[in-house]
Amino acid sequence: MHLGMIGLGKMGLNMARRLLRSGEHDVTGFDLNEDPVAELESEGGSGAASLEELTRGMEPPRVLWTMVPAGDAVDQTLDELVPLLSGGDIVVDGGNSNYQDTLRRAEHIHREYDDLHYADAGVSGGVWGLEEGYSLMVGGDEHVIARLRPALKTLAPGAEKGWGHVGPAGAGHFVKMVHNGIEYGLMEAYAEGFAIMEGKEEFDLDLTQVSRVWQHGSVVRSWLLDMIESALEESSELDDVAPYVDDSGEGRWTVKEAIDLDIPAPVITQALLARLESQAEDSYAYKLLAAMRNQFGGHAMKEAE
């Protein structure tokens with residue numbers, strides 16, 4: 001399968017690498033930054049200097065997978081990309097778009113270009129996905145997903161696990177939104193628990209040791225706990241990490257959706273508010289939250305002043 005990857009940030013480049021390393025797919029990549037394009041070429045992929053060059057170098061029907069930041073960047077990319085496409089081509093939005101934007105884009109493409117197809121893929125796995133595989137939550141028409149199946153099976157942790165066609169266009173990003181909202185709550189619980197232990201000075205607890213103990217047999221063992229252990233190994237006091245926890249939008253969207261649906265979501269809501277509060281607080285819990293985000297997703301951390 002030949003796939004065009006648009007947006008070669010950390011996630012996009014690693015996804016392209018995983019496809020190439022399988023030996024079953026060809027990848028042509030485009031990014032506004034020339035460096036990751038050159039990196040892709042050095043690993044056996046092809047590079048393009050523009051979207052026009054990218055589409056011209058692929059034989060229809062094409063699959064174009066975008067990994068660009070949510071919001072205006074997606075619309076700008078589609079405005080430039082879609083007129084270059086032809087009947088049967090598929091565009092997949094693999095970024096963290098708001099599912100309502102995805103519904104709008106899918107409807108527009110279906111209405112204006114009834115021979116083009118639009119799908120959305122919520123992608124989880126962070127910087128570890130290259131080796132471990134990605135969790136993929138995919139929305140779109142059944143026949144479109146069938147065409148994407150070879151790439152999805154390669155990107156996922158296994159051919160028939162870690163990915164699924166969850167519904168029509170928009171459903172993939174909706175499920176990923178809720179996934180990230182749950183992630184907020186899990187991370188907040190870990191951070192608060194470790195902060196309580198860090199504050200019990202008379203026990204002089206080795207928190208790195210505690211995280212290792214909990215990794216085996218404990219009911220709270222998880223991949224996030226593995227990330228905590230890695231972060232604490234680097235610096236148990238987290239002295240170089242500022243207690244500033246950013247949010248990339250999905251938690252806010254999940255809380256708003258819960259309100260719109262009259263479904264109580266106090267844990268996710270409080271976790272979101274804690275992130276907002278972190279900008280004015282100096283706490284071990286917020287440092288650990290920032291360190292976790294860096295460990296699993298490569299998200300930048302503010303350095304302590």
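Two strands count as paired here if DSSP finds at least two bridges between them. The strands (E, at least two residues) and helices (H or I, at least four) are themselves DSSP runs, numbered from the N terminus.

A quick word on the ground rules. This is a predicted model, where local features need pLDDT of at least 70, side-chain atom pairs count only at pLDDT 80 or more, and totals for chains, interfaces and linings use all residues. Residues are numbered from 1 along each chain as its sequence is written, and side-chain values use heavy atoms, with hydrogens and water left out.

**The sheet**

Eight strands make up an open sheet, ordered S3-S2-S1-S4-S5-S6-S7-S8, with mixed pairing. The edges belong to S3 (46-47) and S8 (163-167); each has a single partner strand, so one side of each has no neighbour in the sheet.

Here is how some of the pairs line up:

| Strand pair | Sense | Bridges |
|---|---|---|
| S1 and S2 (residues 26-30) | parallel | five |
| S1 and S4 (residues 63-66) | parallel | four |
| S4 and S5 (residues 90-93) | parallel | four |
| S6 and S7 | antiparallel | five |
| S7 and S8 | parallel | four |

One is built from S1, helix H1 (residues 10-21) and S2; another uses S7, H7 and S8.

**What's inside**

S1 (residues 2-6) is mostly covered, with four of its five residues buried. Buried means under 20% relative accessible area, exposed means over 50%, and partly exposed is in between (1.4 Å probe, protein chains only). S7 is largely enclosed by the rest of the structure, because four of its five residues are buried.

A nonpolar core is a set of buried Ala, Val, Leu, Ile, Met, Phe, Trp, Tyr and Cys residues joined through side-chain atoms within 4.5 Å. The largest one has 31 residues, and the members touching the most others are Met-5, Met-15, Trp-65, Leu-136, Leu-148 and Leu-152. At least two residues each come from S1, H1, helix H2 (34-42), S4, S5, S6, S7 (135-139) and helix H7 (142-155). H7 is the top contributor to this core, with six residues.

**Loops worth a look**

Pro-61 falls in the loop between helix H3 (51-56) and S4, and the peptide bond from Pro-60 to Pro-61 is cis, with omega near -5°.

Two non-glycine residues have positive phi. For Asp-204, phi is near 50°; this residue is in the loop between helix H8 (171-199) and helix H9 (207-214), and it is exposed at 66% relative accessible area. For Leu-238, phi is near 55°; its loop runs between helix H10 (223-234) and helix H11 (250-260), and at 2% relative accessibility Leu-238 is buried.

Lastly, Val-127 belongs to the loop between S6 (117-124) and helix H6 (129-132), and at 33% relative accessibility it counts as partly exposed.

Methods: A crossover is right-handed if, with the strands pointing away from the viewer, the path from the first strand over the helix to the second runs clockwise.
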